[in-house]
Amino acid sequence: MADPTVEPPTVRLANAGDVQRLRAFRCVHGAGTWYERHAADVVRRAALWLDQGRLEATDAVLLFEVGEDLVGVAVITEESGATAHVAAVATERTLRGARLGSESGPRLSATVLATALEEASTRGYSRATAIVARPHRRSQRLLEQAGFSFESRFDDSYDLHSVEL
Ligand SMILES: CC(C)(COP(=O)(O)OP(=O)(O)OC[C@H]1O[C@@H](n2cnc3c(N)ncnc32)[C@H](O)[C@@H]1OP(=O)(O)O)[C@@H](O)C(=O)NCCC(=O)NCCS
């Protein structure tokens, strides 16, 4: 079956008025895998912090929208002065494999990640990290294509990857 296509999204920073939309966002089919559920929890926690006014000035929750639809979310935080951390990259669950504009267009997933890295660079970071579950091949591929490389084993389940911006 052909990959779904979606119009190129607009991107903006989430604000307190977006809490309900973020809470309603679903990036996992059914129960999903443990590592997908973990990513969904990061998005959920971002909604909670936004709701409680606890997002740091260094945190960014990026919303990718097509009209009224929220099609993707990225969450970046600060790891250290020069390093941003990509805490979550997620696309709406019906848009797995989606491409922008046409079947040969760029991938929505890659656009969400690239835009998160651009935001990190705009904020002055020169490096970004991400932790990736070892079985999460999609996520590994996505990071690899964005220039990330393996840095170290993080724990039993996750590896740390990084990229220079
Ligand atoms: C992670 C996520 C954003 C990826 O988006 P996606 O639309 O599912 O992924 P894509 O279909 O665009 O695939 C990305 C790449 O992985 C490849 N890929 C897909 N399934 C794969 C598999 N099982 N093994 C290896 N590579 C795979 C794709 O071919 C593509 O690479 P390509 O451009 O070279 O063809 C999306 O699945 C998601 O939101 N998942 C839930 C949240 C999550 O787990 N986020 C990641 C951790 S923060």
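# Notebook: helices, core and ligand shell

I started at R141, which sits in helix 4. Helices here are DSSP runs of H or I with at least four residues, strands are runs of E with at least two, and both are numbered from the N terminus. The model is predicted, so I kept its limits in mind: local features need pLDDT of at least 70, side-chain atom pairs count only at pLDDT 80 or more, and totals for chains, interfaces and linings use all residues. Residues are numbered from 1 along each chain as its sequence is written.

**Entry 1: helix 4**

Is R141 buried or exposed? I found R141 exposed, because 12 other C-beta atoms lie within 10 Å. The cut-offs are these: 20 or more other C-beta atoms within 10 Å of a residue's own make it buried, 12 or fewer make it exposed, and anything in between is partly exposed; C-beta atoms are placed from the backbone. I also checked R141 against T115. They are 26 residues apart in sequence, and their C-alpha atoms are 17 Å apart in space.

Next I listed the buried residues of helix 4: S139, L142 and L143. They cover an arc of only 95 degrees around the axis, which means they sit on the same side of helix 4. The arc is taken from the directions from the helix axis to the C-beta atoms. On the other side of helix 4, R137 and R141 are exposed.

What do the buried residues of helix 4 pack against? I noted helix 3, strand 7 and strand 9 (158-164). Contact means that two C-beta atoms, placed from the backbone, lie within 7 Å. After helix 4 comes G147, with a positive phi near 100 degrees.

**Entry 2: the ligand shell**

I then looked around the ligand. The shell holds 18 residues, and A39, G97, S109, R137 and R141 come nearest. A residue counts as near if its C-beta atom, placed from the backbone, lies within 6 Å. Helix 2, strand 5 and helix 4 each supply at least two shell residues. Which element gives the most to the shell? Helix 4 does, with five residues.

I sorted the shell by type: eight nonpolar, four polar and six charged. In this sorting Ala, Val, Leu, Ile, Met, Phe, Trp, Tyr, Cys and Pro are nonpolar, Asp, Glu, Lys and Arg are charged, and the others, Gly among them, are polar.

**Entry 3: helix 2**

I checked the length of helix 2 (residues 34-51). Its 18 residues should span 26 Å at 1.5 Å a residue, and its end C-alpha atoms are 25 Å apart, which agrees. The expected span is 1.5 Å times one less than the number of residues.

The buried residues in helix 2 are A39, V43, A46, A47 and L50. I put them on the same side of helix 2 because they cover an arc of only 100 degrees around the axis. The face turned away from that buried side carries the exposed residues W34 and D41. The cover over the buried residues includes helix 1 (19-24), strand 3 (60-66), strand 4 (69-78) and strand 5 (83-91).

I took A47 as one case. A47 is buried because it has 21 C-beta neighbours inside 10 Å. Leaving out residues up to four places away in sequence, A47 touches V19, L22 and R23. Its C-alpha atom is separated by 9.8 Å from that of A24, 23 residues apart along the chain.

R44 is also in helix 2. It counts as partly exposed because it has 15 C-beta neighbours inside 10 Å. Helix 2 is followed by G53, whose positive phi is near 65 degrees.

Which residues touch the most other members of the largest nonpolar core? Of its 41 residues, I noted V43, V61, V73, A74 and A116. Such a core is a set of buried Ala, Val, Leu, Ile, Met, Phe, Trp, Tyr and Cys residues joined through C-beta atoms within 7 Å. Two or more residues each come from helix 2, strand 3, strand 4, strand 5, helix 3 (108-122), strand 7 (127-133) and helix 4 (137-145). In soluble globular proteins, nonpolar side chains tend to be buried together.

Beyond its neighbours within four places in sequence, V43 contacts L22, F25, C27, V73, V75, A88 and A90.

Helix 3 came last. Its 15 residues reach 21 Å from first C-alpha to last, close to the 21 Å expected at 1.5 Å a residue. Its buried residues include L108, S109, A116 and A120. G124 follows helix 3, with a positive phi near 100 degrees.
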